[in-house]
Amino acid sequence: MSLEVPHVFPEETIGMIQRALTNGASIDVDTATTIARSVDVDMGELMIKLLPIAASFARVPISGFQVGAIAQGGTGALYFGSNMEFSGHALSFSVHGEQAAVNHAWLSGETALKSLAINAAPCGYCRQFLSELTTPARDLRILMKTNAGDGVDHAYSAEPLDHYLPHAFGPADLDIKDRLMQVQNHELQLSESDDLVVAALRAANASYAPYTHSFSGVALQLTNGRIYTGRYAENAAYNPSMSPLESALALLNMSEPPLTPYEIEAAVLVEQAHGGISQKSVTEAVLSAVAPGVEVQYFAAT
């Protein structure tokens, strides 16, 4: 993909970054380390410098306020995220930049995070969402630029999440041992063999729903044939939960060039039969905002 890289990087490094981001907004650990060395900065400062790229993916027709976030996975790889809003629908359907970056890492196979860089202070909603992760709040570093108005100075703070959320309510308060980003396999089954249905089923089986046990996944197919999946991600406080469609759209958004039209031609939702809740109505509602006329194919798995 063609991306505008901030001019805080020298010309040869700009080319390196653009090549690294050709197939999606993530950078493997070896390439990220090479880029950081080429400009003589640590990984945290590199993440801060790269935030404008993450923010360029933001879809914000309501607020106009772009948020970029970059998650460093346990492997050391970097995963970009941005906020997303949906015209005509409730603000509660919005995806926050921090959620998008975490989702990107999780769907890419990461099982923990080392740090998360953000271009704006995390809101309470996101602090609660981040407290659900496998990475303890005392270990997850939140990186923020200390001089927001200076385009040259990229000094940053690196406080743990529990600095921003000192008295968190989380899974342990509800006697839940699982954590978001932990590997899941719910062994749901369907007799369908269609590739899109199988992809959605796979996502449902990897979803995180310890509170309702209503496991669900979405698969979206674009007109170019690419398939993107999303997994349901619950939260102890309920409201910061991320729907499987939001998850799929966030991954799609970070995998195609910034602000590319969605061009979705098919959508499948698979969820556990007789679950405590259903994603069907909300999936249909939000999909109508980005792919009018595309009908959600629904399957209940056992």
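Residues are numbered from 1 along each chain as its sequence is written, and side-chain values use heavy atoms, with hydrogens and water left out. Because the model is predicted, local features need pLDDT of at least 70 and side-chain atom pairs count only at pLDDT 80 or more, whereas totals for chains, interfaces and linings use all residues.

Helix α9 spans residues 280–290, and its buried residues are V282, T283, V286, L287 and V290 (buried means under 20% relative accessible area, exposed over 50% and partly exposed in between, with a 1.4 Å probe and protein chains only; helices are DSSP runs of H or I with at least four residues, strands runs of E with at least two, numbered from the N terminus). Seen down the axis of α9, these buried residues fall within an arc of 125 degrees, so they line one face of the helix, the arc being that of the directions from the helix axis to the C-beta atoms. The elements that cover the buried residues of α9 include β7 (216–222), α8 (244–255), β9 (264–272) and β10 (296–301), where contact means heavy atoms within 4.5 Å.

The structure holds one aromatic pair, which is formed by Y211 and Y238 and is tilted, at 6.3 Å centre to centre with 50 degrees between the planes (rings of Phe, Tyr and Trp, the last by its six-membered ring, pair if their centres lie within 6.5 Å; planes under 30 degrees apart count as stacked, over 60 as edge-to-face and the rest as tilted). Y211 is buried, with a relative accessible area of 15%, whereas Y238 is exposed, at 52%.
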